[in-house]
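Reader: I'm new to this one and could use a hand reading it. Could we go through it together, feature by feature?

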Amino acid sequence: MQKAGALISGMAFSFICPRIAIVLQNLWIICLPKSHIQLWPQLDDSCRWQVVLNKYETLGVGSEKFFLQQPIANIDKFFNKLVDSPIDHKENYVGFPYYMKINFTCPGKTPEAFVRGGYLKGLIPIVLVTFYAPVNFRKWKSERLQIQMEGAPFQSQACVMNWYTPMPMKNGSVMMEVEISSNRMGEIIGNGRFMININGFLKKEKDKVIFSLGHEVRENRGKGIGERPVWATVGQAPVLILGGIPHEKMILISDSSFKDFSLVELNIDSCWLGSLHCPQEEFTASIFDAISTESVLFIRQNQLVYYFTGNYFHVAGKGPSTSNWVRVLHSRCIKKLCPVELHSNGSEYVLALAGGNEEGFFHFGTITGSLPQLPFSEKRLPASIIMGWGCVILGSYTSLHLYSSNRSRFQILQYSPILKGVHLDSLNLLFQIPPFIPIGDDMDFVMLLGMEKYTDYPLVPKGLFYNPFSHLLFIWGNAILQSYDKKNYIYMSKFPKESSVKYMTSSYKGQVVCVTENEEIWLIVEGSFKVHRLYPSDGWQVVFNLSQMKGSSLYTANETSVRLATKEKIYPQRLVYLINQKGEGKLLKRQLPVDQILVYQLLGTLSFINPCPFELMQIKDLPNPQRYTRLERYRAKPPFISSDSGFHSKVSLAIYQGLVYHLLWLHSKYNKPYADPVHDPTWRWWKDKKQHKAFYFYRASNFQNVYGIQIDMDGYEKLYHVKKTGMPKYIYLDKGDEYNFTFFLFVRKTSWKRGGREELSRTLAPSLQPDQVIVKDKRKCFNQSISGHNLMKTAVHFKGNRQIPMFIGCPPGKRLAFDITLTLRHNKKTNKRYFDCVHPDPEMPCFLFSDPFHPFFLIQDMVTGESGSFTGSYVLKVIGGGTSLDKIVDYSEEEIVRYNSPNDTSESLIWIVRDKRKQSQTFRILSYNSSGIEWLCLPNSPCYDIIPKSIYSPEFYFKIMVSNRDVDTSTYCDYQLIFFLHIHGLPLSRRRAFFFVRVSLSSPCPSPALPPSLLSQSSPVWYGGNSSEPRVRGPGFASWPCQSWMTLAKVFDLSWLQVPHL
């Protein structure tokens, strides 16, 4: 394992992936900090953004749950009347089912007064919606997408106004992150972040929205749950559930990351009381384990395992929803469900550990798209006891297990199945855990080398935690061991051996939080060897006392922690049960103020003697963030209105809804094989309207528009240059890519001033020269993959509490497209002519069979807007075909080889390369400079001897796949493109041509043997030279003399019959 790092003014950079090269230029100083924790306080804004959902019919009234997923079609009637607006009236405009109602609250006055005041001061909320990418990238395009909107003011009642924007949706995405910021006018309000997710576990019954998995309980029963983790696929589960309510088959369920939640009693039967082979000490109705995935919920009650599939109509491929809980693993004794928090290979996973007489078995469940029945596969390890938390997933089907054969000696095993046979699975011993806790004395950690001393206190591990980004493995129990390579371990001696970890959770961004059996909370910063106790602690007591002095309702003396999670943010979030002075209890979510606790805790130990001369580091020269975060962003402004009050109407809001929907529809439609002449999804929308922009502005400025609405064409666009806001949250690197930035170190500068008294002045001055950090891929990670698929995880770690995840591979947002514009231009120039079809299709131009075909392709970056010719090598294969688009059939692997391989001897080739080029095993390798291909259609090929349907030449549609896999080493991307190619002018077989001529000669002229349309139509249409205008040459077949038919006897190919030599 190679690492490189440098401590820089309290901050260090460490890189985990050995395939990443790090270059630190002009680095000349090393400073060791006193603490690895950032010490700046967290902001405590007094005003807060608020957002709820409304339907169009009930704008401004109450709030709605997000469960409707079908578009609304009743807004097209408004667009039909916009005859003086730059829209395409041929399109059918629809909208989303919900709007976001946005306002804010501040202490001291009524919310309505504050909102009105902010509006009069020019305040406008800026809404940024981020769509989370779906798990199943085989079904849905792997992309990261955002849309930025502005709030439209709307007055629903007298003196009551709010801002509204559409609540957009995207096919395949069930989670949306909404970030609201201000335009920096009016009230000072900090940014607000909300998770608005689709809840597929709701249904409408008798005009009421109810839960489909049980019935909601109105009373508050949060007391007595105890500290429990929330198990879910990180960043993919729209609905979170939490069990553990004593003696009740109830769960807490939330679609907003527990900002609001409901208590639901599940409609399941509790019928298993135990058996001889599966003993049950005590029967209870409690839900012990609860796991959430993208569309499925799992629970365990006693030894019974159930799942429930949500109703997500727009997520095609996820299968029908279930109306009841479905039981799986029948007749199995399940003692634990084990979550797999990170998805991989387009699937989610669940592990079920067996107990009783089946101790040692574990069942591996895979969730990929549809789920009519859960495909649990059964595996067995050579151990009699498997610990309940002792399993983590490293990759696809590869897992680590903590096991013991006699409850005194514990080991770490790596299990790797071999898919060719169940009896060939691999099981490797990675580490033998010492039986006793090492002696730490006053050290922060102890290296486990076999030479250390041990106490008489037994070391009892209870579980594992693995971070695939930092490759850090934790073994936790009454001690904490960590390792970067799963072979060498250190013991973190500051954690007391008298405590025992109950569970461990992480944000995968540099922090790990442990909760003990007695509900202590401990923090571990990855990259350091210290553990910090957050609760209870002196720092926590200071935070609590200050909150009591402020009169805050977020803290009470009588409270119980229910849940702690770090998945949504870097800082931990706690769900606590508070009891006020009146004895009333409620569940509340709040942030655990880590920085404040540590600052107050370190006040008594800080030293004023600082050996490091630097006080500040400033980062500059950051590159364009979109290139590395791969976030595509659109902007959609509300239409301008001519109302004197400035308030929008329901009609203008409906039109805003339709415009946003159409913008996202253009985005999805742009992902097509044939590239547009302009690399911009919005180009087709305005390409015929831009020239009349002044006219539309003239009518709007003179108040002549219908509904008083003006649609600004510049307000609906794709943004390629987003403002830099600091270091990115994550980084994507392709082969050989690099991310670099420079930083300045500032030193203290002390001076004395004498003006009647001595004063000490301290300023900051930059160092002599900047330093540069370069993170670069070494071009040695792995083979090629499709854009956004199978990315390798690693991280850049900043000394402190910041870790930037990195993904190595083909980043999302890159694609290969057929450059039809260059292909047509080059073919016209090379062949000195171009023959299009009789009925041209601008979306799919035709190519003549007898002309050499020169294809060209584009590499398009959907994030940065860059587009350029693909100059690498590729393999072209015909994988399907038919005489029309609706009759195309896919060829088998054997047929693909016969139709495309130059080594074929069965006379089945469809095409051949014009020049002699090297081969990739079976197929020819083409490139940008290739001389093109020639169509053959040999006798055993599917395009041989196509019968004409009319006077026009036979046509054939080829389904072609182009891929650079294994033939282009310049990128990690497997640029795989599948498109249809329309070829006309295919020749008849000599036998069929001779038959036509023979029948024609034996019949009066003209021959009735030819198709009727052949006798009545004029000659074929052709395009000559550089002109795109059709030209007709010669008379029709119906008017030819008999001498012409006699001449046909000498020529037996259809190209002469249909396209006369000119």
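Author: Let's start with the overall picture, then turn to a helix, some salt bridges and a histidine. Keep in mind that this is a predicted model.

Reader: Okay, how many helices and strands are there in the protein chain?

Author: The protein chain has 14 helices and 69 strands. Of its 1062 residues, 55% count as buried. Look at the contacts between residues at least 6 apart in sequence, too: 63% of them join residues at least 24 apart.

Reader: Now a helix. What should helix H11 span, and what are its end C-alpha atoms apart?

Author: Count 1.5 Å a residue: the 12 residues of H11 (residues 990–1001) should span 16 Å. The end C-alpha atoms are 16 Å apart, so the two agree.

Reader: And which residues of H11 are buried?

Author: Those are Ala-993, Phe-996, Val-997 and Ser-1000. They cover an arc of only 95 degrees around the axis, so they sit on the same side of H11. Over on the other side, Arg-991 and Arg-998 are exposed.

Reader: Next, salt bridges. What's the general idea?

Author: Side chains of opposite charge can pair when their charged atoms come close. In the whole structure, a search turns up 32 salt bridges. One of them joins the side chains of Asp-289 and Arg-300, at 2.6 Å from N to O. Asp-289 belongs to strand S19 (residues 289–292) and Arg-300 to strand S20 (residues 296–301), so this pair ties together parts 11 residues apart in sequence.

Reader: Are Asp-289 and Arg-300 buried or exposed?

Author: Buried is the word for Asp-289, at 2% relative accessible area, and Arg-300 counts as buried at 8%.

Reader: Which parts does the pair of Lys-814 and Asp-734 tie together?

Author: In this salt bridge, the closest N and O atoms of Lys-814 and Asp-734 are 3.6 Å apart. Lys-814 is in strand S56 (residues 814–818), while Asp-734 is in the loop between strand S50 (731–733) and strand S51 (738–754), so the parts tied together are 80 residues apart in sequence. Elsewhere, salt bridges that share partners link Lys-672, Asp-676, Arg-684 and Glu-843 into one network. Within it, Arg-684 and Asp-676 have their closest N and O atoms 2.9 Å apart.

Reader: Last one: where is His-854?

Author: Look in the loop between strand S57 (846–848) and strand S58 (857–861). His-854 counts as buried, with 4% relative accessibility. Leaving out residues up to four places away in sequence, the residues it touches include Thr-823, His-826, Arg-914 and Gly-932.

Notes: Residues numbered from 1 in each chain as written. Predicted model: local features only at pLDDT ≥ 70, side-chain atom pairs only at ≥ 80, totals over all residues. Heavy atoms only, no water. Helix = DSSP H or I, 4+ residues; strand = E, 2+ residues; numbered from the N terminus. Expected span 1.5 Å × (residues − 1). Buried < 20%, exposed > 50% of the residue type's maximum accessible area, 1.4 Å probe, protein only. Arc of directions from axis to C-beta. Contact = heavy atoms within 4.5 Å. Salt bridge = Lys/Arg side-chain N within 4 Å of Asp/Glu carboxyl O.
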